[in-house]
Amino acid sequence: MSDTRTILMLDGDGIGPEVMRETRRVIGWFSRHGGTGYELSDGLVGGASYDAHGEPLTDETLKLAADADAVLLGAVGGPQWEDLAFDKKPERGLLGLRKELGLFANLRPAVVFEALAGASTLKTDVVAGLDMMIVRELTGGIYFGEPRGVEELPDGTRKGVNSLTYTSGEVERIARVAFELAMKRGRKLCSVDKANVLECTLMWRQTMEQVHADYPNVELSHMYVDNAAMQLVRNPKQFDVMVTTNMFGDILSDCAAMLTGSLGMLPSASLGEKSAEGRVPGMYEPVHGSAPDIAGKGMANPLATMLSFAMMLRYSFDDGASAETLEGAVKKVLAGGARTADIMETGARQVSTTEIGDAVLAELEKTGP
Ligand code: NAD
């Protein structure tokens, strides 16, 4: 074994432990067959952490996350924690991890697998072959801007305030992530803003233009967010990489998720700033939640979590070849007709969480590292 990497596994709640269990098997396979060994450790987050410690994220988990080479997270949340105060809710655990680890860049690919093109609510020819990446700024913008809050006015009415704020430094660092990605893909970057109405996003647009000077081989375009929402459902294949603010990205990435038709298939990565030693902090997680309605029933689709590990291989461990091996195995499993209930269609074969895990491992065995 030439190299060892450490991964913190945060199973979380609901179907989290089920989808992570299958992904552990896949990580084990790469440990045995690749040039890199993966050493796994475990931590608690979300409702599981609240039940054990009264907090959705403890200093202990944060330290484990900061010390690991990368973090893989299942999902958090569930009805039993819904009535807790905001700072105790399972989702606060996720926000805390993102903030403390400085994970400012959220990468959400929207890829339509050939075998699943019919699963989208859009016409098959609109989405077939779609392969785009949305880069969302994750630690700034209106979700964090000050001042914020709700105040009582002298006349007895109330005023709510949230502030959209970005510094040019924050825009520049997300721009560089997006340009670098575009360089590795189709060299097209679309920056989404509302520069005709919001001064802050006019500055965003101007900063994108400045950074573009360092990436002359990337074609940069700008689009207003209302048009981008429309274009995503009209002709999504016009996009290669899209970069946008925290709130616009939150909304547009969910819209893009539905183009693929299957929540259980979508991975994501949240990345921080490269350290002097060249290490990029990264947390990887499926886009879906804890699916309490199917937890414990053996029905959960673990492919989004496995594909999140593929993103980890590519972005944290610079191992695009292994990422492609894993993505290829998933494609073959789907082409072979195996489906968990969420992506089931006529003529396919319905399988359980463990059975689809078995199928991916069998494909990996066939393909080899
Ligand atoms: P959800 O994503 O958990 O579920 C939505 C629907 O999709 C459900 O019918 C569910 O059964 C199905 N589904 C989701 N993932 C699936 C998978 N892998 N395989 C098969 N089916 C799947 O969203 P929700 O129901 O709105 O939220 C449930 C809980 O999850 C809430 O507490 C919410 O706050 C939390 N949540 C967490 C995250 C996260 O951890 N990143 C994200 C979204 C929601």
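1. Domain 1 comprises 1–104 + 273–369 and domain 2 comprises 105–271, bounds that come from an automatic or database domain assignment.

2. The model is predicted: local features need pLDDT of at least 70 and side-chain atom pairs pLDDT 80 or more, while totals for chains, interfaces and linings use all residues. Numbering runs from 1 along each chain as its sequence is written, and side-chain values rest on heavy atoms, without hydrogens or water.

3. About 2,500 Å² is buried between the two domains, 69% of it on carbon and sulfur atoms; this is the accessible area (1.4 Å probe) lost on putting the two parts together, summed over both. Phe104, Val287 and Met311 supply 32% of the area that domain 1 buries against domain 2, more than any other three residues.

4. One salt bridge is counted between domain 1 and domain 2. The side chains of Arg173 and Glu273 form a salt bridge at 3.3 Å, N to O, the criterion being a side-chain nitrogen of Lys or Arg within 4 Å of a carboxyl oxygen of Asp or Glu.

5. Turning to the ligand, 21 residues surround it (a heavy atom within 4 Å), the closest being Glu91, Gly289, Ala291, Asp293 and Asn301.
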